[in-house]
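Me: I would like to go through this model with you, starting with one side chain and then moving on to the chain contacts. The structure comes next.

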Amino acid sequence: MTDWQPVKIITRGKEYEVRPGMAVKHALEKINILPESVIVTRNGELITEDELLAPGDVLKLVMVISGG
Amino acid sequence: MKCTKCGGKAVISVLQHHLGLCKEHYLEWVPGQVARAIQKYRMFAKTDRILAAVSGGKDSLSLWDILHRLGYQVDGLYICLGIDGGVNYSNESQRLSQQFAAQHGLTLHVVDIPQVYGESIPQIASRTFRGRGAPCSVCGLAKRHEMNRLARDLGYDVLVTGHNLDDEAAVLFSNTLRWAGGFLARQGPVLEADQPGLARKAKPLCRMYERDMTAYALLRGIEYIYDECPYALGATSIYYKELLNKLESDQPGAKLNFYLSFLQAKEGGLFAPQADPDRAQMHPCPSCGQSTTAEGLCSFCRMMGGES
């Protein structure tokens with residue numbers, strides 16, 4: 001049992017959970033996503049990679065790569 | 001992170017330029033950067049009539065938005081490819097393009113490939129087996145042909161596309177891996193109309209990162225098609241973009257430097273016209289009049305069975 005609420009990270013068809021208290025950049029590293037490949041949003045607002053994550057935060061990642 | 005311009009809370013970091021920007025200053029900065037590229041590469045003037053090829057995606061709709069805000073005379077061109085892929089891909093991207101045009105009071109020309117030519121892009125790919133049945137090469141060929149045709153037929157001075165720096169860097173990377181001299185000699189922010197039947201083409205977003213254009217579309221509230229083309233899954237260009245993003249992660253600015261150094265080297269004469277012998281032998285296609293290196297009909301007219 002954890003005594004903290006995890007941070008949820010949602011991206012195309014996948015969901016991850018990380019510990020709160022770390023910066024966005026480190027959370028992305030934990031789940032093997034390059035910051036260059038995504039825009040991070042929280043409550044519909046864009047946030048930068050140095051933003052600290054609070055318990056219960058829900059991040060949505062907008063993938064930026066397209067093409068073919 | 002604080003906004004470099006006003007000290008307020010930044011919503012985006014632009015590491016390749018050592019910037020953090022708030023929403024207001026970001027939405028000013030992006031059009032400013034695009035305006036500088038247009039000027040630097042002498043793409044077009046305010047008096048020119050511009051046709052923007054739009055796909056319903058973030059880059060082309062943002063480009064249309066930016067050019068309109070900068071005061072250029074710019075209409076849109078949407079090419080319906082007839083791709084469904086289980087996600088109603090073409091219909092949805094057309095709807096979003098039309099919605100953008102209506103919201104901004106802009107003119108959008110629509111070319112419907114299945115209606116004009118009687119077959120969708122996947123059907124042409126299956127029939128011709130060009131690209132071994134995968135529709136990407138047929139799609140590229142048809143789009144280039146139709147964009148050029150419409151730009152000329154409708155009398156536009158220049159055709160613009162939403163190619164961003166990541167697109168350009170991925171193509172450059174691919175061409176460099178193969179030392180494809182002809183393609184390297186031809187790649188650049190502007191393709192002059194120096195052959196019969198060719199429209200002038202420009203890429204005003206060529207110095208903007210794909211990530212920056214996504215942020216622009218989101219912050220500007222532009223609704224774009226988020227689903228990837230169903231046929232793009234596993235595309236080599238996407239793999240190259242991922243590789244370059246790994247490099248960018250370790251060396252911020254590496255992608256920009258790669259592309260700009262290439263342009264500088266090219267200007268300095270690294271890629272001589274002899275590297276592109278095909279271009280010297282171009283002639284007009286007897287059917288559609290567009291320039292081609294092939295004997296007789298161009299690739300598009302051959303693919304469509306003789307006439308376009």
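Me: Is B:Tyr117 buried or exposed?
Reply: B:Tyr117 is buried, its relative accessible area being 17%; buried means under 20%, exposed over 50% and partly exposed in between, with a 1.4 Å probe and protein chains only. The model is predicted, so local features need pLDDT of at least 70 and side-chain atom pairs pLDDT 80 or more, while totals for chains, interfaces and linings use all residues. Residues are numbered from 1 along each chain as its sequence is written, chains are lettered from A and ligands numbered from 1 in the order in which they are written, and side-chain values use heavy atoms, leaving out hydrogens and water.

Me: How many aromatic pairs are there over all chains?
Reply: The search of the whole structure gives eight. Rings of Phe, Tyr and Trp (its six-membered ring) pair if their centres lie within 6.5 Å; planes under 30 degrees apart count as stacked, over 60 as edge-to-face and the rest as tilted.

Me: What is the arrangement of B:Tyr117 and B:Phe300?
Reply: Their ring centres are 5.4 Å apart and the planes stand at 80°, so the pair is edge-to-face. B:Tyr117 belongs to helix 4 (residues 113-117) of chain B and B:Phe300 to helix 13 (residues 299-303) of chain B, so the pair ties together parts 183 residues apart in sequence. Helices are DSSP runs of H or I with at least four residues, strands runs of E with at least two, numbered from the N terminus. B:Phe300 is buried as well, with a relative accessible area of 2%.

Me: And which kind of pair do B:Tyr259 and B:Phe262 make?
Reply: A tilted one, because the centres are 6.5 Å apart and the planes at 35°. Both residues lie in helix 11 (residues 254-267) of chain B, three residues apart, about one turn of the helix.

Me: Changing topic, how many residues of chain B are in contact with chain A?
Reply: There are 28, facing 21 residues of chain A, where contact means heavy atoms within 4.5 Å.

Me: How many salt bridges does the rule find across that interface?
Reply: It finds two between chain B and chain A, a salt bridge being a side-chain nitrogen of Lys or Arg within 4 Å of a carboxyl oxygen of Asp or Glu. B:Lys9 and A:Glu51 form a salt bridge at 2.8 Å, N to O.

Me: Which element of chain B gives the most to the side that touches chain A?
Reply: That is helix 10 of chain B, with eight residues.
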